[in-house]
Amino acid sequence: RQIHLFSQRKGPFVAVHPASTPEQLFESEFFGHEKGSFTGATSQKIGYFEMANGGTLFIDEVGEMPLSMQVKLLRVLQNQRFMRVGGTAEIISRFRLVAATNRDLRDEVAKGRFREDLFYRLSVVPLRVPPLRERREDIPLLVAHFMDKVARENDMPAKKFTTEALNYLSGYEW
């Protein structure tokens, strides 16, 4: 979200989690659909690719996406074109794609669970955020940040954690 907010691309920010999208609804959710294109399609639906035009599409947990959906995503990324389900007109959508995963995608490629061509398409500017267990020195800073945030949101004075509480959190197996 910060990459989008601080960029020149001022279109919409669209965040999606494909693992929570049933595979049979993937095309409708991502590509959209035309009225009457299938049972239950009572109106036209704009999909995520079209919604993100001129902005950023954030795919959370892209490593959870089934192979059948990965090839469809790759095609849109390569061509910047797609058709709604049941549609006949090609739609052009230019968006920045930001994808996140907690999986090692190189390992997933080696195991045949993630498409190599999609991996290279997504790996243009990889950013690795180490898990909290590898950066325990950040814990006091994060605690202070969230305590201040909660205090501001609730219009109350900020509180501080005791040294013992911070030590406990820093020793926790994140």
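**Gly86**

I started with Gly86, which I found in the loop between E5 and strand E6 (91-92). The model I am reading is predicted. Is Gly86 buried or exposed? Its relative accessible area is 57%, so I put Gly86 down as exposed. I then looked for contacts, leaving out residues up to four places away in sequence. Gly86 touches Glu34 and Ser37. I also took a C-alpha to C-alpha distance to Leu74 and got 20 Å. Gly86 and Leu74 are 12 residues apart in sequence.

**Aromatic pairs**

Next I went through the rings. How many aromatic pairs does the structure hold? I noted 11. Edge-to-face needs over 60 degrees and stacked needs under 30.

Where do the two residues sit? Phe49 is in helix H3 (residues 48-51), and Phe82 is in strand E5 (residues 81-82). The pair therefore ties together parts that are 33 residues apart in sequence. I checked burial too: Phe49 is buried, and Phe82 is buried as well.

Which residues do they link into a cluster? I wrote down Phe26, Phe30, Phe31, Tyr48, Phe49, Phe82 and Phe95. Tyr48 has a further neighbour of interest. Lys45 lies over the face of the Tyr48 ring, 5.8 Å from the ring centre.

**Helices H7 and H8**

I turned to helix H7 (residues 139-153) and helix H8 (residues 163-171). Their axes come within 10 Å and cross at roughly 120 degrees. That angle makes H7 oblique to H8. The crossing of H7 past H8 is right-handed. Which residues make the contact? From H7 I listed Ile139, Pro140 and Val143. From H8 I listed Leu166, Leu169 and Ser170.

**The loop between H7 and H8**

I looked up two residues here. Asp155 lies in the loop between H7 and H8. Its relative accessibility is 75%, so Asp155 counts as exposed. Pro157 is also placed in the loop between H7 and H8. Pro157 has a relative accessible area of 65% and is exposed.

**Positive phi**

I kept one general point in mind for backbone angles. Most residues other than glycine have a negative phi. Asp155 has a positive one, near 50 degrees. I logged Glu61 under this heading too, with phi near 60 degrees. Where is Glu61? I found Glu61 in the loop between strand E4 (56-60) and helix H4 (67-79). Is Glu61 buried or exposed? At 17% relative accessibility, Glu61 counts as buried. For that call the cut-off is under 20%.

**Glu108**

Glu108 sits in helix H5 (residues 105-110). I read 6% relative accessibility, so Glu108 counts as buried. What does Glu108 touch, not counting residues up to four places away in sequence? I noted Arg103, Arg113 and Phe114.

**Arg133**

My last entry is Arg133, in the loop between helix H6 (116-122) and H7. Its relative accessibility is 47%. Exposed needs over 50%.

Technical notes:
Residues are numbered from 1 along each chain as its sequence is written. This is a predicted model: local features need pLDDT of at least 70, side-chain atom pairs count only at pLDDT 80 or more; totals for chains, interfaces and linings use all residues. Side-chain values use heavy atoms; hydrogens and water are left out. Rings of Phe, Tyr and Trp (its six-membered ring) pair if their centres lie within 6.5 Å; planes under 30 degrees apart count as stacked, over 60 as edge-to-face and the rest as tilted. Helices (H or I, at least four residues) and strands (E, at least two) are DSSP runs, numbered from the N terminus. Buried means under 20% relative accessible area, exposed over 50%, partly exposed in between (1.4 Å probe, protein chains only). A charge sits over a ring if NZ of Lys or CZ of Arg is within 6 Å of the ring centre and within 35 degrees of the ring normal. Axes are lines fitted to C-alpha atoms, for helices over the stretch in contact, and angles run from 0 to 180 degrees between N-to-C directions. Angles under 35 degrees count as roughly parallel, over 145 as roughly antiparallel, 65 to 115 as roughly perpendicular and the rest as oblique. A crossing is left-handed if the near helix is turned anticlockwise from the far one by less than a right angle, and right-handed if clockwise. Contact means heavy atoms within 4.5 Å.
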